[in-house]
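Hi,

Here is the structure I promised to pass on. Have a look at it first, and my notes follow below.

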Amino acid sequence: MFAWRRPTNLGVTDGRLAPCRSTPNCVSSQADPSDREHYIAPLRASMEEVRNAVEALPRTRIVLAHSSYLHAEFRSRLMGYVDDVEFFFDGAIVQVRSASRVGRRDFGVNRARIEKIRELLEPKRP
């Protein structure tokens, strides 16, 4: 298993999640929008809706949840790699950060995960 240690820079400091490292295995809604590799749009949802969407995904563990912050760990199926996913409820929007703990590339897994959560949050259309 490749879980390694939980990063010490997780959480919210002065209204911001930790910035992504320069490696292409992280996405954040607080990255510069011109940074196409790391930027991803924030979500629009309640904490309960985000938590329900996160819990609907496989190999997920909620580490910490309170009124304005949620941290979850997602484990890969084959090798057991862990990605840390954070949600910061900032007024009408949800800031998000999803980052791999180890390695350099994630082959788009972090971005795809956030887009899957976004899809689960969108209202069902008839």
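**What I found**

The buried residues of α1 pack against β2 (60–66), β3 (69–75), β4 (82–90), β5 (93–100) and α2 (109–121); contact here means heavy atoms within 4.5 Å. Please keep in mind that this is a predicted model, where local features need pLDDT of at least 70, side-chain atom pairs count only at pLDDT 80 or more, and totals for chains, interfaces and linings use all residues. Residues are numbered from 1 along each chain as its sequence is written, and side-chain values use heavy atoms, leaving out hydrogens and water. Helices (H or I, at least four residues) and strands (E, at least two) are DSSP runs, numbered from the N terminus.

Helix α1 spans residues 47–55, and its Met47, Val50, Ala53 and Val54 are buried (under 20% relative accessible area, with exposed over 50% and partly exposed in between; 1.4 Å probe, protein chains only). They cover an arc of only 130° around the axis, which puts them on the same side of α1; the arc is taken from the directions from the helix axis to the C-beta atoms.

The largest nonpolar core has 19 residues, and Leu43, Val50, Val54, Phe87, Phe89, Ile114 and Ile117 have the most contacts inside it. Such a core is a set of buried Ala, Val, Leu, Ile, Met, Phe, Trp, Tyr and Cys residues joined through side-chain atoms within 4.5 Å. The largest share of this core, four residues, comes from α1. Leaving aside residues up to four places away in sequence, Leu43 touches Phe87, Ile93, Val94, Ile114, Ile117, Arg118 and Leu121.

Best wishes
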